[in-house]
Number of protein chains: 2
Amino acid sequence: MLKKYDFDDIDDRYDNFKRSNLGEEIDKLQRIVQRLKIPVLILVDGWESSGKGDIINDLTRELDPRYVKVELFDSRSDVDYLHPSVWRFWQKLPSHEEVVVFDQSFYSQVMNKDERSSDKLKQRTEELLNLEHMLLDDGTIVIKFFLHIKEKTQSKNIEALEDSKFRQFLLSDNDYKQNKNYEEYLEWFGKVLKKTDVPESPWNIINAEDRKLAAKTVLGITLEEITSGIERVTLARERADKSDRKYYIEDTQLDEFDLSKTISDKEYDKELEILQKEAADLVYDCYTKDIAIITAFEGVDAAGKGGAIQRLTRHIDPRSYTIHGIKAPTDLENSYHYLWRFWTKFPKDGDMAIFDRSWYGRVLVERIEGFASESEWERAYDEINHTEKVLTDHGSIVMKFFMYIDEDEQKERFEDRQEEPDKNYKITEDDWRNRSQWDEYIAAYEEMLDRTHTANAPWYIVATNQKKFARIEVLKHFINHIKEHLSELPES
Amino acid sequence: MLKKYDFDDIDDRYDNFKRSNLGEEIDKLQRIVQRLKIPVLILVDGWESSGKGDIINDLTRELDPRYVKVELFDSRSDVDYLHPSVWRFWQKLPSHEEVVVFDQSFYSQVMNKDERSSDKLKQRTEELLNLEHMLLDDGTIVIKFFLHIKEKTQSKNIEALEDSKFRQFLLSDNDYKQNKNYEEYLEWFGKVLKKTDVPESPWNIINAEDRKLAAKTVLGITLEEITSGIERVTLARERADKSDRKYYIEDTQLDEFDLSKTISDKEYDKELEILQKEAADLVYDCYTKDIAIITAFEGVDAAGKGGAIQRLTRHIDPRSYTIHGIKAPTDLENSYHYLWRFWTKFPKDGDMAIFDRSWYGRVLVERIEGFASESEWERAYDEINHTEKVLTDHGSIVMKFFMYIDEDEQKERFEDRQEEPDKNYKITEDDWRNRSQWDEYIAAYEEMLDRTHTANAPWYIVATNQKKFARIEVLKHFINHIKEHLSELPES
């Protein structure tokens with residue numbers, strides 16, 4: 001894919017174009033994608049000292065500066081290392097009114113020579129490709145450039161930087177290493193580019209020998225790809241609701257689930273505090289071992305998620321966890337991929353995050369209320385499984401609780417809430433309305449349990465008709481899950 | 001203020017209260033402050049090993065977990081050091097639907113023995129006090145606790161932690177240092193507590209010898225202070241528009257300002273690129289010296305802020321700066337102190353942030369449109385001066401450009417925009433409406449220039465009737481300001 005003789009194939013289509021014309025065109029296109037709420041992500045990669053900075057500057061100065069951002073990804077910082085490696089890219093994605101340029105692309109991580117021998121290479125590449133696919137599926141326009149220069153040109157550029165009082169700090173060991181082992185890198189870059197070429201967002205190899213022409217070509221290709229991107233995304237939006245869905249659950253879980261289990265008050269009082277303290281100790285243990293814990297709670301209204309969370313955290317150091325009550329997304333959150341608001345909340349290693357409702361909203365309320373189109377929530381199962389796998393592959397603990405009550409029990413609890421003045425605020429029209437969709441919710445829960453119960457991130461279905469029983473159950477699952485995880489760790 | 005014999009004055013008012021009653025009360029109060037949009041900030045400080053974690057846990061478990069957060073502030077991280085020391089507190093403030101507990105209080109920074117000999121001590125204390133006052137003025141309820149224990153109790157607690165497999169990691173050098181030099185710390189803590197006692201948010205010294213009673217007392221005092229806080233804040237809101245404002249500007253700047261200055265096309269072409277490259281080099285220089293640059297652009301609509309910013313940044317490495325176009329605050333932004341959205345955007349050392357409109361909106365559009373009450377924008381002048389001083393005291397460069405055009409020139413530019421199809425999107429009804437308030441805006445600009453032009457963060461008034469002249473002017477001011485700043489740095 002990347003060859004020495006790429007330099008003979010100079011793309012000079014844009015040579016005779018006036019920069020100012022290209023600038024005006026791109027300015028208009030930016031307003032169009034903004035109006036259509038299409039995020040644009042431009043990944044710029046290439047050889048060290050190939051002029052990325054200049055070319056990015058040339059591109060971005062034509063765009064409305066209020067809606068364009070350049071994000072620099074060089075070496076990972078402390079906090080980056082406390083998260084899965086894709087985490088830092090999630091934090092900087094474009095919202096649907098922005099154009100964001102990544103310098104360098106997320107693939108630079110696997111292009112870097114030092115990581116190529118790593119046994120994580122395959123996993124990393126897949127995670128990154130998966131991220132790109134998620135963005136494309138979500139209607140982001142992704143444009144990828146690789147700036148290609150000759151070995152000699154790289155030497156010359158390095159020398160020029162060495163001589164520049166103000167710019168010499170831009171040089172790093174990498175520049176010299178690449179130049180010294182140019183052939184080796186050439187071959188490797190070629191492999192990575194081939195592996196990460198995607199039909200909707202192919203790599204554009206830019207001959208950057210002539211920087212001015214390269215800058216114009218980048219501008220021209222950006223124009224072309226934004227245009228075809230608009231077509232792709234608007235078409236996909238039109239088709240979004242025409243999917244021909246077939247999904248049959250073989251083993252349903254909920255209809256035969258035993259909801260009658262109870263515990264006596266005496267037993268409850270005896271067990272509760274012991275379990276709470278054990279849970280707290282295990283969380284301390286994970287803290288000292290730098291393991292993040294992520295738990296999600298789902299269940300119908302009044303299933304007792306809040307109460308169970310309160311009992312779970314009773315003795316846990318409040319400085320070590322955060323509880324996120326997930327409500328309808330805000331306008332800001334809606335301007336990103338639906339998983340963005342969770343990626344910004346996933347805890348760093350050693351911390352715990354508890355989600356009272358979670359990313360599963362995509363296949364529950366958003367499915368049932370039609371906030372997500374069928375193709376959107378249909379592909380969410382895979383996206384969610386993948387995301388949880390990224391987290392557990394990183395070493396985090398992920399567990400999910402489904403708090404299950406039956407229709408009668410919910411009705412009783414609703415009536416309770418309505419009668420007690422102090423609990424009255426808890427019940428709204430929405431709750432009664434959701435109740436009327438009971439069967440739809442149960443079907444959605446069944447499918448969720450069927451498709452997203454995984455070995456690495458299991459669901460625990462908790463019989464919640466009796467609250468006390470449920471609280472003890474949650475604690476026991478929590479404790480066992482963490483214990484098992486810790487017991488499987490390699491000796492350090 | 002903090003004395004040994006504080007231990008005799010046990011506050012046992014809450015001893016006979018039932019925890020569950022206190023819990024129910026606080027739960028109700030939380031819903032009230034949330035409905036009234038009053039943020040609550042609880043600062044918990046005290047001796048090491050005095051049981052802060054337990055007591056905070058006891059407090060927060062009574063609150064709705066979706067709206068309560070505990071933020072741990074121990075040693076500053078890498079990124080904290082790349083900002084003024086108050087920066088990290090700004091990032092974690094409560095929104096107006098949250099209760100946030102800081103462990104430890106921001107004052108712990110000056111309580112820490114190692115910083116007490118620092119020559120920055122006075123400045124730090126003032127910055128922190130100022131932060132607290134800004135929050136109080138903005139209608140935040142601030143509640144402060146200091147957990148006090150005897151020397152012997154501290155030794156005992158330390159021993160207990162040493163023996164605990166899961167909790168021993170909570171011990172740090174500080175615990176031992178404090179215990180070894182108990183008397184010395186006692187005196188110092190007393191001084192700091194006295195200095196940072198504020199009428200609206202006095203320190204509550206909690207006798208934490210008996211942890212259970214202490215936890216109840218903290219709960220009880222929180223209840224009392226939230227109640228009195230609600231009264232204070234609602235009263236202040238009612239009075240907000242009854243201020244009796246008097247402000248006369250002696251030296252008006254704008255009416256005699258020479259707007260006729262121009263530059264020839266030839267001169268412009270000759271100077272522009274040279275200046276742009278010089279600006280770029282200086283930004284590189286600041287980058288290598290870890291100096292942040294913050295520039296704000298203000299001016300009436302169509303004054304040419306965007307164009308000037310584009311020319312300024314032409315040769316600056318796009319990876320080193322971000323341009324923030326400031327629009328009306330979002331709902332999320334409105335749920336915080338008005339300066340919060342700028343504190344989350346101030347650059348880290350070495351980076352540059354350019355604000356196209358800025359925090360001055362408080363004394364401009366928010367003043368004129370009545371989005372801020374008179375007392376709110378009136379006190380904003382001081383708040384802004386203080387904030388800019390925090391930034392420059394930290395070593396950052398702050399400069400502000402006022403792009404000035406006259407009424408006729410604006411009219412011409414509006415008409416231009418309306419006629420050209422490509423610029424049409426730039427003009428809205430709002431623009432014409434703002435124009436009808438020309439005199440009010442000019443008066444507000446005059447007062448802003450008069451009250452916030454400071455030696456550390458000056459305003460540059462730029463005659464903008466001819467765009468080319470203005471662009472050159474901005475570049476010259478930018479270059480001179482940075483050069484001057486760099487020349488005044490101590491030799492390193």
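Visitor: What makes the meeting of helix 1 of chain B with helix 11 of chain B a contact, and which residues take part?

Guide: In this predicted model, R19(B), L22(B), E25(B), I26(B), L29(B), I32(B) and V33(B) of helix 1 of chain B meet K216(B), L219(B), T222(B), L223(B), I226(B), T227(B) and I230(B) of helix 11 of chain B, where contact requires heavy atoms within 4.5 Å. By class, that contact has 9 nonpolar, 2 polar and 3 charged residues, with Ala, Val, Leu, Ile, Met, Phe, Trp, Tyr, Cys and Pro counted as nonpolar, Asp, Glu, Lys and Arg as charged, and the others, Gly among them, as polar. Because the model is predicted, local features need pLDDT of at least 70 and side-chain atom pairs count only at pLDDT 80 or more, whereas totals for chains, interfaces and linings use all residues. Residues are numbered from 1 along each chain as its sequence is written, chains are lettered from A and ligands numbered from 1 in the order in which they are written, and side-chain values use heavy atoms, with hydrogens and water left out.

Visitor: Why is helix 1 of chain B called roughly parallel to helix 11 of chain B?

Guide: The axes of helix 1 (residues 19-35) and helix 11 (residues 211-239) of chain B come within 10 Å and cross at roughly 30°, the axes being lines fitted to C-alpha atoms, for helices over the stretch in contact, with angles from 0 to 180 degrees between N-to-C directions. Angles under 35 degrees count as roughly parallel, over 145 as roughly antiparallel, 65 to 115 as roughly perpendicular and the rest as oblique, so helix 1 of chain B is roughly parallel to helix 11 of chain B.

Visitor: Are helix 18 of chain B and helix 19 of chain B roughly parallel or antiparallel?

Guide: Helix 18 (residues 407-419) and helix 19 (residues 429-436) of chain B have axes that come within 12 Å and cross at roughly 165°, and they are therefore roughly antiparallel to each other. The residues in contact are E407(B), Q410(B), K411(B), F414(B), E415(B) and Q418(B) of helix 18 of chain B with D431(B), W432(B) and R435(B) of helix 19 of chain B, which divide into 2 nonpolar, 2 polar and 5 charged.

Visitor: Why is strand 3 of chain A called largely enclosed?

Guide: In strand 3 (residues 99-103) of chain A, 5 of the 5 residues are buried, so the strand is largely enclosed by the rest of the structure; buried means under 20% relative accessible area, exposed over 50% and partly exposed in between, with a 1.4 Å probe and protein chains only. V99(A), V101(A) and D103(A) point one way, V100(A) and F102(A) the other way, and all are buried.

Visitor: What makes strand 3 of chain A a partner of strand 1 of chain A?

Guide: Two strands pair if DSSP finds at least two bridges between them, and 5 bridges join strand 1 (residues 40-46) to strand 3 of chain A, the two running parallel. Among these pairings, L43(A) has F102(A) as its bridge partner. Strand 2 (residues 68-72) of chain A is likewise joined to strand 3 of chain A by 5 bridges, in parallel, with L72(A) partnered by D103(A).

Visitor: Why do strand 7 and strand 10 of chain A count as edges?

Guide: An open sheet of 5 strands in chain A has the order 7-8-6-9-10 with parallel pairing, and strand 7 (321-325) and strand 10 (459-463) each have a single partner strand, so one side of each is left without a neighbour in the sheet. Strand 10 of chain A pairs with strand 9 (residues 397-404) over 5 bridges, and M403(A) has V462(A) as its bridge partner.

Definitions and conventions: Helix = DSSP H or I, 4+ residues; strand = E, 2+ residues; numbered from the N terminus.
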